[in-house]
Amino acid sequence: MTYDVVVVGAGTAGAFAAYTLAKKGFKVALVDRKPADKIGEKVCGDAIGKHHFVTTGLEPPKLGFDAESLFEGVRVFSPDKRNYITAFGEGYALNRRVFGQRILKSALDEGAVLYDRCHAFKSLVEESWVKGVRVRDLKSGETRDLQAKIVMDASGATAVIRNTLPEGWWVSEKISRRDYIVAYREIVELEEEVNSRFADIFLDVEVAPGGYWWFFPKSKNVVNIGIGVQQGANAPNPKTRYIRHVLPIIKKKGIVRTINSGGGIVPVRRTVSCMVWNGFIVVGDAACTANPIHGGGIGPSLLSALNASRTIEEAFEAGSPTLKNLWSYHHKYHSLYGAKQAALDILRIYLQKLTNDDLNFILDSKIVSDEELSSIGYEGELEMSILKKLNIALRLARRPTILREVKTVKDYMDRVKGLYLEFPRKPEEFLKWRNYVNSLFTEFEGWLERVRA
């Protein structure tokens, strides 16, 4: 069984890549553990910004079909809930399953072959090449090898193929547990109508250490509610935190029924340093493309899938999907999203060190405006001109250390973003670049430990 491309994982990234490649005439196999009619189901916030559809060219969701409501923006609340700032920008609350089924159908209509209820558990490696994957049919228990000119890992946070590659390959980088958020969420129908114009995020390190809890309306009476905490040796159970801290708030609105519940995990950091190898490319959560601040992964997964597909097409035109011919994928993705994402990783690490008192002060002082929050989200840039204004300086007079810290965080964000925009043009220059990036993050974390001791 030989294909041009084998895509492992039929989530948004994998299904969209399969569609894009099959449409170009490639022979594509799409492998997923779920039965075909369950593909698209996933525990997440179900939200995506409208701008991602403009960028990718994917047909936007339709209300009443694969979208359940429209957002005008996202509000971020302080731990004491007295203040909030708003990142304005239209977005959709998706019907996640229908949205996934729609993309899957597009891929199959273009000729992609689906192996559903199949677990890809091993990469087929010959010398320095990936030549395919070994899959187990979960219905019969039989195994089979799917040969491919290139394998795409779109298997999500577990990165089941990338993590089976030889340890010395750049692309098989291991991810620290602290760079993951573990989450629990429920979709609940309420008696009380809610404001469906905004998706709400609540910061509170006592409730959700290293993360937040959210309240994302899907209609006037149905909401997606969840909590995410930073993974680690002493990480609390998110379901326990949800029951103890979030559920009592929701019960006041009158719970009619719980429609769906479950847990999940998402990487919230910069992408893996290298995302390609000979005959191999990685997209979506398997490449750590989710936004480090809010964990949104649907939009960047589509961006990575589109640019990976374009790179694969170019590599075949150049003769073969070698490491060298796939290398430009980094430049495509980082110029579009990855450089911003790396800058936001610096901000994420800083925010995870703040106390509730710090967060209350920052939101109460209006250090960051609605417009500047939007700039952080869309551009990965922390505008500091506001800190030169007299009124802001007066607001910060009670906490001058915060001012100094935020200035330093901005400097590191700018430096990291610049490095990713200058990703090496040749594989031969990669190790030097990676070492510099790693040393810069180590330097930043060392500074943070000192000032936050």
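Arg452 forms a salt bridge with Glu405, with the closest N and O atoms 2.8 Å apart. A salt bridge here is a side-chain nitrogen of Lys or Arg within 4 Å of a carboxyl oxygen of Asp or Glu. Arg452 lies in the segment after helix H12 (430-451) and Glu405 in helix H11 (residues 400-421), so the pair ties together parts that are 47 residues apart in sequence. Helices (H or I, at least four residues) and strands (E, at least two) are DSSP runs, numbered from the N terminus. Glu405 is buried at 6% relative accessibility. Arg452 is partly exposed at 23%. Buried means under 20% relative accessible area, exposed over 50%, and partly exposed in between (1.4 Å probe, protein chains only).

The model is predicted: local features need pLDDT of at least 70, side-chain atom pairs count only at pLDDT 80 or more, and totals for chains, interfaces and linings use all residues. Residues are numbered from 1 along each chain as its sequence is written, and side-chain values use heavy atoms, leaving out hydrogens and water.

By the salt-bridge rule, the count comes to 30. Salt bridges that share partners join Glu173, Asp179, Arg269, Arg270, Asp345 and Arg348 into one network.

Lys253 and Glu192 also meet through their side chains in a salt bridge, at 3.6 Å from N to O. This pair links distant parts of the chain, 61 residues apart. Lys253 sits in the loop between helix H4 (238-251) and strand E14 (255-267). Glu192 sits in the loop between strand E10 (180-190) and strand E11 (198-202). Lys253 is partly exposed at 24% relative accessibility, and Glu192 is partly exposed at 37%.

A further salt bridge joins Lys149 to Asp4, with the closest N and O atoms 3.3 Å apart. Lys149 belongs to strand E9 (residues 143-153) and Asp4 to strand E1 (residues 2-8), 145 residues apart. Lys149 is partly exposed at 45% relative accessibility, whereas Asp4 is buried at 15%.

Strand E1 has 6 of its 7 residues buried, so the strand is largely enclosed by the rest of the structure. E1 pairs with E9 in the parallel sense over 6 bridges. Two strands pair if DSSP finds at least two bridges between them. Val7 stands opposite Met152 in E9. E1 also pairs in the parallel sense with strand E2 (residues 28-31), over 4 bridges. In E2, Val7 has Leu30 as its bridge partner. From E1 the chain crosses through helix H1 (residues 12-23) to E2, in a right-handed β-α-β crossover. Right-handed means that, with the strands pointing away from the viewer, the path from the first strand over the helix to the second runs clockwise.
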